[in-house]
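Here is a quick tour of one protein model, written for someone who likes to check the geometry themselves. Have the viewer open as you read.

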Amino acid sequence: MMEREDTDKKFCGILFDVLEDKEVRDVVCSPGSRNAPLLIAAASRDGLRKHVVVDERSAAFMALGIAMVSRRPVAIVCTSGTALLNYGPAVAEAFYQSLPIVVISADRPQQWIDQDDSQTLRQFEAFSNFVKKSYELPAYGDGEVELQWYANRIANDAMIEATSRRPGPVHINVRLGEPLSGKRVCSHQPQRIIGMLASDMVADRMKVKALGEVVAESRVMFVAGFMPPDSRLQKAVTEFCSLPNVVAMTETLSNLHIKGHSCDIDAVLTAYPEETLDSLAPDLVITVGGSLVSRKLKEYLRRNSDICSHWSLGWHHTTSDCFQSLSMRIEADPARMLRGLHHAAAGHVSEDTSSYSCQWTVAREKAAAAKSAYVASVGWSELRAFDMILGGLPAACNLFLSNGTTVRYAQLLGSRLPHASYCNRGVSGIDGCSSTAVGCAKAYNGMTVLITGDMSMAYDLGALALPDIPDTMRIIVIDNRGGGIFRFIPTTSSLPEREEYFCACPTLPVDLLAQAYGWDYLEAHDAEGLRKALRELFVRGRRKILRVVCDGEESAAILKGYMAVRAE
């Protein structure tokens with residue numbers, strides 16, 4: 001058995017041994033002194049990929065991106081004090097995206113809390129509202145053997161909690177006393193690994209049959225929010241949505257590829273008057289996935305909440321009644337349940353509801369034709385630029401969208417979906433979008449394309465300094481002089497303070513930043529320039545940044561015009 005140099009804090013080594021055995025492959029570490037034993041333990045384990053990131057906020061978002069794409073638990077390690085608090089936004093995002101981030105923070109011994117000692121604050125349960133569970137390892141135990149047993153138990157429980165049922169982040173606060181940098185030579189000792197066998201909570205056959213009978217008698221709208229790609233679910237959804245009384249509303253971020261304009265949600269919901277749309281309202285809404293981007297769809301279903309029921313399918317941390325019509329939470333594997341519902345309903349669809357899918361197909365095709373004609377007719381703008389960018393993405397790329405107008409344009413124009421699409425839609429913040437995208441790129445062998453606004457890019461410039469950014473990464477910055485969404489939404493679009501206090505045009509010398517951080521730089525100011533730049537952007541080689549300059553005022557006016565286009 002090979003010997004290695006390890007921290008002399010044996011319980012820290014045990015912690016990382018269990019993490020490694022429990023499928024953790026990536027650890028994002030931030031420098032510090034209090035966390036020295038944790039960093040030494042991580043460094044000595046060859047089975048862990050270590051990513052060293054100074055800025056804890058960027059570190060946590062990068063870990064988030066790695067977890068998004070790899071679907072594996074990712075550990076983040078920081079020192080004591082405010083370092084931990086910088087993890088907050090990414091931990092909250094991980095909680096609402098159901099991603100297993102293992103937060104490991106170093107801390108002072110308990111007796112030094114609130115004693116005016118340096119870098120000391122109340123760390124235990126700092127994220128109690130945004131983690132599945134909080135744990136703590138003491139600086140001193142009743143005996144070395146007992147502390148080692150306790151560390152093993154805590155590590156096993158934390159990993160089970162993070163990855164079972166509805167996955168999510170956990171927090172392990174590790175109190176460490178002096179000395180901190182001691183080492184010992186040791187050989188690897190196998191750790192006790194506690195497994196878990198969980199029920200899949202599938203309803204019995206008679207219950208599924210009864211639910212299938214309701215489906216067969218109803219006009220059904222299947223709605224999908226953000227989810228990772230899942231070929232098994234894709235197959236089940238495709239089969240279920242083939243029923244003649246089912247219409248699919250699948251957002252770009254659902255990563256579901258369903259024929260028939262299923263992603264063009266806002267396009268169809270803005271193409272008709274309320275009376276027409278309300279005549280197509282469903283009797284039953286079945287949802288899977290996370291929160292929706294489309295405000296129009298939420299408003300539509302809330303407006304018709306008195307006539308439709310809502311079944312929420314999948315594992316959730318709480319009862320979410322987004323459409324104000326929730327009638328049933330179905331805690332079950334979505335793919336298996338949808339297959340059961342399809343089997344129960346197929347061949348029994350009521351004649352009264354059998355034309356429902358066709359009615360929506362006609363409405364969607366007319367809306368798509370009208371909206372496409374409008375896009376082709378407008379001048380240079382964000383709408384035109386996004387249409388060209390989304391239409392030109394390599395099919396095998398992963399797409400990461402920043403929050404704000406970027407993800408909304410993808411909803412309007414993203415009918416041609418790439419390999420997979422991601423966005424921080426758990427809590428929908430603009431902080432950390434670029435760092436999360438870097439994490440996504442680290443976990444994917446193909447090309448990763450980040451489309452972001454200038455405000456979101458400026459908010460997370462630390463992402464450009466992250467280590468070992470793959471050459472397969474591309475960034476497209478839409479430079480519209482600040483937060484373009486505020487020129488569009490009714491709340492702020494007419495305010496005299498809009499440009500100074502809301503759009504807040506950032507200082508963002510993209511060309512100089514690209515040069516400083518070793519990226520190839522491209523720029524486009526019109527359609528022809530963008531066409532040429534896109535050809536260069538997706539060529540293999542060094543990582544590249546493309547700045548696309550659009551007039552913010554004109555773009556907002558054109559987007560409002562798009563929303564006003566009606567289908568004949």
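## A pocket to start with

A pocket here is an open set of grid points with protein on both sides within 12 Å along at least five of seven lines, and its lining residues have an atom within 4 Å of a point. Keep in mind that this is a predicted model.

With that in hand, take the second largest pocket, which holds about 440 Å³ of space. Its lining is made of 17 residues, and those nearest the centre are Arg295, Arg408, Phe488, Ile489 and Met563. Two or more lining residues come from each of α11 (295–303), α15 (405–413) and α22 (552–564). The largest share belongs to α15, which gives five residues. Sorted by class, the lining has ten nonpolar, three polar and four charged residues.

## The six-stranded sheet

Next up is an open sheet of six strands, paired in parallel and ordered β15-β14-β16-β17-β19-β18. The edges are β15 (420–423) and β18 (520–524); each has a single partner strand, so one side of each has no neighbour in the sheet. On average, and ignoring direction, neighbouring strands are turned by 20° against each other.

At one end of that order, β14 (residues 398–401) runs parallel to β15, with four bridges joining them.

## A helix under cover

How many of the ten residues of helix α16 (residues 433–442) are buried? Nine are, so α16 is largely enclosed by the rest of the structure. The buried ones are Cys433, Ser434, Ser435, Thr436, Ala437, Val438, Gly439, Cys440 and Ala441. What covers them includes α3 (56–70) and α17 (454–459), along with the strands β14, β16 and β17.

## A covered strand and a buried serine

Strand β11 (residues 284–288) is mostly covered too, with five of its five residues buried. Leu284, Ile286 and Val288 point one way, while Val285 and Thr287 point the other way. Five bridges tie β11 to the parallel strand β9 (residues 220–224), and Val223 stands opposite Thr287. Four bridges link β11 to β12 (residues 309–313), again parallel; there, Ile286 has Trp311 as its bridge partner.

Ser30 is in the loop between β2 (26–29) and α2 (36–43). Is Ser30 buried or exposed? Its relative accessible area is 0%, so Ser30 counts as buried. Leaving out residues up to four places away in sequence, Ser30 touches several others, among them Asn35, Leu39, Val53, Glu56 and Tyr87.

Most residues other than glycine have a negative phi, and most peptide bonds are trans. A few places here are worth a look against that background.

The bond from Glu178 to Pro179 is cis, with omega near -10°, and Pro179 lies in the loop between β7 (170–175) and β8 (183–187). Glu23 is not a glycine, yet has a positive phi of about 80°. Glu23 lies in the loop between α1 (10–21) and β2, and is partly exposed at 37% relative accessibility. Arg71, also not a glycine, has a positive phi of about 60°. You'll find Arg71 in the loop between α3 and β4 (74–78), partly exposed at 40% relative accessibility.

Key
Residues are numbered from 1 along each chain as its sequence is written. This is a predicted model: local features need pLDDT of at least 70, side-chain atom pairs count only at pLDDT 80 or more; totals for chains, interfaces and linings use all residues. Side-chain values use heavy atoms; hydrogens and water are left out. Two strands pair if DSSP finds at least two bridges between them. Axes are lines fitted to C-alpha atoms, for helices over the stretch in contact, and angles run from 0 to 180 degrees between N-to-C directions. Buried means under 20% relative accessible area, exposed over 50%, partly exposed in between (1.4 Å probe, protein chains only). Contact means heavy atoms within 4.5 Å. On a 1 Å grid over the protein atoms alone, a cavity is a set of points where a 1.4 Å probe fits but cannot get out, and a pocket is an open set with protein on both sides within 12 Å along at least five of seven lines; lining residues have an atom within 4 Å of a point. Grid points are joined across faces, edges and corners, and a volume is the space filled by probe spheres set on the points. Ala, Val, Leu, Ile, Met, Phe, Trp, Tyr, Cys and Pro count as nonpolar, Asp, Glu, Lys and Arg as charged, and the others, Gly among them, as polar.
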